Amino acid sequence: MLEFFSTGLILLIIFLPAMAIAYAISYRTIGHQAAQRRLGRSALLILLAFFVGFGLHFLGKYGSISICFLFAAYVVLWLLTWNWRKKKAGALLFDVGRFSRSKLMLWVGVLEALLAVFNTWSAINTISTGLGNDTELVQVISQLVFFWSLAIYFLSSGLSRLEFRENGICYMLSVVKWEKLTSYRWNQEKPSIVTIEFKQPPYLLSTGFWSVPIPSAHRDTVEQILAEHVNN
């Protein structure tokens with residue numbers, strides 16, 4: 001129990017400052033309302049992850065081991081299928097590049113990688129002193145797999161780009177087809193911000209919209225693409 005709460009505390013120490021920075025960046029780039037919606041969804045995800053982890057803890061060692069390896073399998077599958085998913089999105093129409101949210105994800109990934117390095121060093125020391133049985137060894141390894149998978153997830157998301165393609169939009173290593181978009185609008189207070197609404201979120205528990213900054217030099221091109229593919 002103490003180990004579980006210690007791990008949760010470490011994750012909170014990492015994620016709470018990251019959320020504060022994310023809100024500050026979002027407030028400046030996409031406005032107060034969109035920033036609040038994004039922050040609320042992020043807080044919900046963290047709270048849900050904590051309760052899922054808390055529940056799995058009471059399932060015993062095998063529960064936590066299973067979720068660690070399942071998450072790692074998801075990340076591996078998510079990355080291995082990216083080129084295929086992007087290819088299914090069709091030919092590239094326009095590459096907007098990376099911006100503030102991608103950079104934030106990248107920094108979170110760096111922090112996660114540092115945490116994974118620390119846990120690797122701690123695990124090596126633990127293993128070298130001897131473990132009671134093979135189950136304890138698998139548990140230690142599963143925790144390392146989880147932390148490294150989480151780091152890879154954030155680093156990969158942080159390195160992603162916003163791309164408009166023939167059959168949809170690629171963003172944060174997700175693809176949303178044009179027919180799943182309901183509308184788009186430009187922020188009146190911040191004319192460089194476009195908010196794109198979905199019929200369905202692109203992945204579980206994600207927001208039902210993307211508010212992304214578009215460089216002023218690219219606004220006309222993006223407007224032309226969106227006007228052609230999205231029915232407002």
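Me: Why is Asp 95 called partly exposed?

Reply: This is a predicted model. In it, Asp 95 has a relative accessible area of 27%. Buried means under 20% and exposed means over 50%. Asp 95 falls in between, so partly exposed is the term.

Me: What makes Arg 161 and Asp 95 a salt bridge?

Reply: Their side chains meet at 2.9 Å, N to O. The cut-off is within 4 Å, from a Lys or Arg nitrogen to an Asp or Glu carboxyl oxygen. The pair therefore qualifies. Side chains of opposite charge can pair when their charged atoms come close.

Me: Which parts of the chain does the pair of Arg 161 and Asp 95 tie together?

Reply: Asp 95 sits in strand β1 (residues 92-97), and Arg 161 in the loop between α6 and β2 (162-165). These parts are 66 residues apart in sequence, so the pair ties them together.

Me: Is Arg 161 buried or partly exposed?

Reply: Its relative accessible area is 35%. Buried needs under 20%, and exposed needs over 50%. Arg 161 is therefore partly exposed.

Me: Why does Glu 163 count as buried?

Reply: Glu 163 has 9% relative accessibility. The limit is under 20%, so Glu 163 counts as buried. Its salt-bridge partner is Arg 165, at 2.9 Å, N to O. Arg 165, at 11%, also counts as buried.

Me: What makes Arg 185 and Glu 197 a salt bridge?

Reply: The N to O distance is 3.1 Å. The rule asks for within 4 Å, so the pair passes. It links distant parts of the chain: Arg 185 in strand β5 (residues 181-186) and Glu 197 in strand β6 (residues 193-198), 12 residues apart. By this rule the count comes to three salt bridges.

Me: Are Arg 185 and Glu 197 buried or partly exposed?

Reply: Arg 185 has a relative accessible area of 44%, so it is partly exposed. Glu 197 is at 16%, under the 20% limit, and therefore buried.

Me: Which residues touch the most other members of the largest nonpolar core?

Reply: Leu 162, Phe 164 and Leu 226 do, out of 29 residues. Another core, of five residues, lies apart from it and includes Trp 78 and Leu 173.

Notes
Residues are numbered from 1 along each chain as its sequence is written. This is a predicted model: local features need pLDDT of at least 70, side-chain atom pairs count only at pLDDT 80 or more; totals for chains, interfaces and linings use all residues. Side-chain values use heavy atoms; hydrogens and water are left out. A nonpolar core is a set of buried Ala, Val, Leu, Ile, Met, Phe, Trp, Tyr and Cys residues joined through side-chain atoms within 4.5 Å. Buried means under 20% relative accessible area, exposed over 50%, partly exposed in between (1.4 Å probe, protein chains only). Helices (H or I, at least four residues) and strands (E, at least two) are DSSP runs, numbered from the N terminus.
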